[in-house]
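Hi,

Here is the structure I promised to pass on. Have a look at it first, and then read on for what turned up in it.

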Amino acid sequence: MKTRSKFVDGLVYRLDVITVLALAAVLVVLFLNTNPLFLSINNIYNLIQLNAALIIVAVGMTFVVMSGNMDLSGGSVIVLTASITGVIFRSTGNIWLALAACLLTAVLIGALNGFLISFLNINAVIVTLSCMVWARGLALGITDAKSIVVSSPVLQTIYTPFAFGFINISMIIVVLCLLFGWFLLTKTKFGRYVKALGENEKATALAGVNTKLVKWGLFTLAAFLTGIASIVDLARLGSAVVTIGDGMELNAIVAVVIGGNRLSGGKGSFGKTIAGLLFMCILSNGLSTMGVTDDKIYLIKGGIILAALVIQMLSNRFRLNYLRRRNEFD
């Protein structure tokens with residue numbers, strides 16, 4: 001009986017992850033009915049490739065959400081850094097200089113946002129929302145709202161398979177970013193401080209932690225990862241288009257939260273982020289293969305995400321009530 005009780009307790013404790021994985025499985029069944037090749041190797045490969053940038057952005061977003069903050073600037077940072085990459089490459093023909101400028105711009109934006117949020121105590125939503133506006137506006141200005149082709153062998157190699165016919169550099173970048181994020185969050189003081197910020201920022205500061213520096217660092221980190229995502233997306237598209245990164249920040253937030261990470265911060269894990277990413281990637285890829293118009297895709301996608309969030313909320317309530325009753329009996 002005790003063994004069974006521990007097994008049930010373990011399942012209930014992980015109910016948030018189990019719920020989103022079950023929802024992802026339901027989506028797979030539904031999409032298989034409309035596309036029998038949905039689980040083919042080629043489609044799974046496309047699923048990863050098309051969502052590589054989203055996965056990388058979600059790594060940084062996990063830190064932001066875990067700290068109890070929000071970053072709405074991701075998509076605009078991608079379009080601005082991609083545009084700067086395109087402009088510099090077009091002017092100099094030096095792809096390495098262009099890529100360095102891309103990453104440097106992303107880091108500077110993250111550092112600026114982090115400074116305003118942590119040292120000037122301006123609300124993170126306000127700061128990153130304004131960044132979402134001015135960064136996209138600046139991108140439109142420096143490109144005259146036109147696409148810039150970035151044709152370079154260096155970028156082309158990112159999506160060129162070099163092993164088993166499907167493994168390429170973009171996959172390695174995604175895996176390295178996930179491992180880096182997991183290690184930083186679970187094995188370092190910085191990761192523990194980020195969680196502590198989400199739990200209670202004042203208590204963390206009283207414990208001797210420089211909360212302002214930690215907060216500044218996590219926004220800079222998130223922006224740096226967004227810069228990497230910009231390079232990956234630019235390599236996939238082959239040009240800096242004005243729609244690159246559109247809605248990326250919202251998809252990343254949904255992926256982090258729908259996996260079970262608490263929006264108010266403090267509680268969560270990378271496993272939950274990965275579960276949420278799996279759901280979002282399956283949903284986006286499945287809808288794109290259905291052959292419906294964009295307006296219907298947005299409508300269906302929004303409805304499914306809303307339903308999934310409601311189901312996740314109900315499962316969390318059940319989990320908390322069960323664990324509370326369990327502790328009372330113990």
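Predicted model: local features only at pLDDT ≥ 70, side-chain atom pairs only at ≥ 80, totals over all residues.

Cys 177 is in no disulfide either, and its nearest cysteine sulfur, in Cys 102, is 13 Å away. Are these cysteines buried or exposed? Cys 177 counts as buried because its relative accessibility is 7%, and Cys 281 is buried too, with a relative accessible area of 4%.

The largest pocket holds about 960 Å³ of space. Its lining is made up of 27 residues, and those nearest the centre are Asp 246, Asn 251, Ser 284, Tyr 298 and Lys 301. If you want to find this pocket by its helices, look for α4 (52-66), α12 (211-237), α13 (248-258), α14 (270-288) and α15 (294-329), the elements that give two or more residues to the lining. Which of them gives the most? That is α15, with six residues. By class, the lining of the largest pocket has 13 nonpolar, nine polar and five charged residues.

The second largest pocket has about 640 Å³ of space. Here 25 residues form the lining, with Asp 16, Gly 260, Lys 267, Lys 272 and Arg 319 nearest the centre. At least two lining residues come from each of α2 (15-34), α10 (189-199) and α15. Once again α15 gives the most, this time with nine residues. The lining of the second largest pocket splits into nine nonpolar, seven polar and nine charged residues.

Then there are the cavities. How many of 30 Å³ or more does the structure hold? There are two. The largest cavity has a volume of about 110 Å³. It is lined by 15 residues, and Asp 71, Ser 73, Ala 222, Ala 223 and Thr 226 lie nearest its centre. The helices α4, α5 (74-92), α6 (95-118) and α12 each supply at least two residues of this lining. Eight residues of the lining are nonpolar, six are polar and one is charged.

The second largest cavity comes in at about 40 Å³. Its lining includes Val 79, Ser 83, Arg 136, Ala 139, Leu 140 and Thr 143, along with Lys 146, Ala 240, Val 241 and Val 242. Two or more of these residues come from each of α5 and α7 (124-143), and α7 has the largest share, at four residues. By class, this lining has six nonpolar, two polar and two charged residues.

Last, the aromatic rings. A pair of aromatic rings is described by how far apart the centres are and by the angle of the planes. The structure holds four aromatic pairs. One of them joins Phe 31 and Phe 38, a tilted pair at 5.4 Å centre to centre with 40° between the planes. Phe 31 counts as buried, at 6% relative accessibility, and Phe 38 is buried as well, with a relative accessible area of 3%.

Another pair is made by Phe 63 and Phe 190, whose ring centres are 6.1 Å apart and whose planes meet at 35°, so this pair is tilted. It links distant parts of the chain: Phe 63 sits in helix α4 and Phe 190 in helix α10, 127 residues apart. Phe 63 is buried, at 0% relative accessibility. Why does Phe 190 count as partly exposed? Its relative accessibility is 21%, and buried means under 20%. Together with Phe 270, Phe 63 and Phe 190 form one aromatic cluster.

That is what I have for now. Over to you!

Best wishes

Note on methods: Residues numbered from 1 in each chain as written. Heavy atoms only, no water. 1 Å grid on protein atoms, 1.4 Å probe; cavity = no way out; pocket = protein on both sides within 12 Å on 5 of 7 lines; lining within 4 Å. Points joined across faces, edges and corners; volume = space filled by probe spheres on them. Nonpolar A, V, L, I, M, F, W, Y, C, P; charged D, E, K, R; others polar. Disulfide = S-S within 2.5 Å. Buried < 20%, exposed > 50% of the residue type's maximum accessible area, 1.4 Å probe, protein only. Phe/Tyr/Trp six-rings, centres within 6.5 Å; stacked < 30°, edge-to-face > 60°.
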